[in-house]
Amino acid sequence: MYSVKDILVPLYDSDHLESVLATAFIQAQRFRAHISAVFVSDDPNEAAAFAGEGLSGALIQDMVDAAEHEGQRQTLKTRLNFNMFLERHHIAQISRNHIGEENPETRTASLEFSEPPANEAIIWRARLSDVTIVPFLGKQENPKASEVIHGVLFESGHALMIAPPTPPKSAGSRICIGWNGTQECARALEASMKWLRQAEEVTILTSDEYQRRGPTSADVQSYLKLHGITAPIHQFAAIDRNVGEGMLRTCREVNADMLTMGAYSHSRLRQMILGGVTRHILEEGHLTVLMSR
């Protein structure tokens with residue numbers, strides 16, 4: 001039975017870095033996994049700020065103050081926040097090549113920077129990581145964040161975890177499954193089994209407006225039962241014809257801390273123009289989301 005042992009966390013200028021790292025720490029604790037942080041940059045001058053290990057917080061802060069280029073300053077702040085995260089949670093920074101050589105109880109993380117083109121480098125790494133965790137997009141879409149999200153979704157072959165806007169206290173204890181019968185949802189269900197087996201509560205969300213041709217929520221319920229997972233079915237309705245908002249409201253009502261769902265059953269272009277469930281969740285989600293395509 002596969003577990004989660006390597007968590008990929010792309011680092012780039014984001015107001016939600018704290019939430020991403022908090023989400024990664026929760027998953028690392030749950031599975032005793034290693035956190036592989038990779039700085040995403042297309043500018044070698046910015047990436048240079050991540051070179052070298054053992055830089056103290058005070059030294060990095062001095063470098064932040066001395067930086068003349070805003071991009072370099074933001075990069076240094078990202079590194080400072082990452083170092084503070086390691087210190088706060090007593091996480092040892094080791095090389096990814098040495099994973100497994102330390103005490104099994106030791107929390108570990110590694111830090112490296114990607115070679116240009118950064119987006120391609122992250123996709124390649126995601127193909128050999130158990131899960132990739134990124135910040136949610138919000139309505140003011142960050143081009144770099146959007147490239148990473150859609151690159152991992154469409155080209156990595158693995159699931160993507162999207163951290164909520166604020167640091168969560170839990171992520172994976174009470175899970176909602178957004179189900180509509182498509183192959184995208186089937187892949188998301190398969191990817192989420194690692195979490196579903198450990199969850200305290202699992203709820204299947206279904207809606208007439210969301211369902212497509214394919215297995216029903218009752219079929220999912222029977223399938224999960226074979227795996228020893230009890231999951232009640234919760235019918236939800238679109239809000240002002242918005243299925244995504246109806247799904248998010250239901251997640252609040254059942255106090256879920258994670259939603260798993262298929263991404264882009266319709267084309268990405270169609271959703272960008274007309275809107276769609278995936279786009280709404282990416283922009284408005286308030287909880288951790290596990291997506292697959």
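Tyr 264 is buried, with a relative accessible area of 4%; buried means under 20% relative accessible area, exposed over 50%, and partly exposed in between (1.4 Å probe, protein chains only). The model is predicted, so local features need pLDDT of at least 70 and side-chain atom pairs count only at pLDDT 80 or more, while totals for chains, interfaces and linings use all residues. Residues are numbered from 1 along each chain as its sequence is written, and side-chain values use heavy atoms, with hydrogens and water left out. Helices (H or I, at least four residues) and strands (E, at least two) are DSSP runs, numbered from the N terminus.

**Aromatic pairs**

- The structure holds four aromatic pairs; rings of Phe, Tyr and Trp (its six-membered ring) pair if their centres lie within 6.5 Å, and planes under 30 degrees apart count as stacked, over 60 as edge-to-face and the rest as tilted.
- One of them joins Phe 25 and Phe 85 edge-to-face, at 6.4 Å centre to centre with 90° between the planes.
- This pair links distant parts of the chain, as Phe 25 lies in helix H1 (residues 17-31) and Phe 85 in helix H4 (residues 70-88), 60 residues apart.
- Phe 25 and Phe 85 are both buried.
- The ring centres of Phe 154 and Tyr 264 are 5.6 Å apart and the planes stand at 40°, so this pair is tilted.
- Phe 154 belongs to helix H6 (residues 143-155), and Tyr 264 to the loop between strand E10 (258-262) and helix H10 (268-274), 110 residues apart.
- Phe 154 counts as partly exposed, at 35% relative accessibility.
- Phe 25, Phe 82 and Phe 85 are linked into a cluster by ring pairs.

**Sheet**

- An open sheet of eleven strands has mixed pairing and the order E3-E4-E2-E1-E5-E6-E11-E10-E7-E8-E9; two strands pair if DSSP finds at least two bridges between them.
- At the edges stand strand E3 (92-93) and strand E9 (233-235), each with a single partner strand, so one side of each has no neighbour in the sheet.
- Strand E1 (residues 6-11) pairs with strand E2 (residues 34-39) in the parallel sense over six bridges.
- In E2, Ile 35 is opposite Ile 7 and Val 38 is opposite Pro 10.
- E2 also runs parallel to strand E4 (residues 108-113), joined by five bridges, with Ala 37 opposite Leu 111 in E4.
- His 34, Ser 36 and Val 38 point one way from E2, and Ile 35, Ala 37 and Phe 39 the other way; all are buried.

**Nonpolar core**

- Leu 224 and Leu 259 touch the most other members among the 80 residues of the largest nonpolar core, a core being a set of buried Ala, Val, Leu, Ile, Met, Phe, Trp, Tyr and Cys residues joined through side-chain atoms within 4.5 Å.
- H1 gives the largest share of this core, seven residues.
- Not counting residues up to four places away in sequence, Leu 224 touches Ile 177, Leu 189, Met 193, Leu 196, Ile 204, Ile 229 and Ala 231; contact means heavy atoms within 4.5 Å.

**Gly 244**

- Gly 244 is found in helix H9 (residues 243-253) and is buried, with a relative accessible area of 1%.
- Leaving aside neighbours within four places in sequence, Gly 244 is in contact with Val 277, His 280 and Ile 281.
- The C-alpha atoms of Gly 244 and Leu 282 are separated by 9.7 Å, and the two residues are 38 residues apart along the chain.
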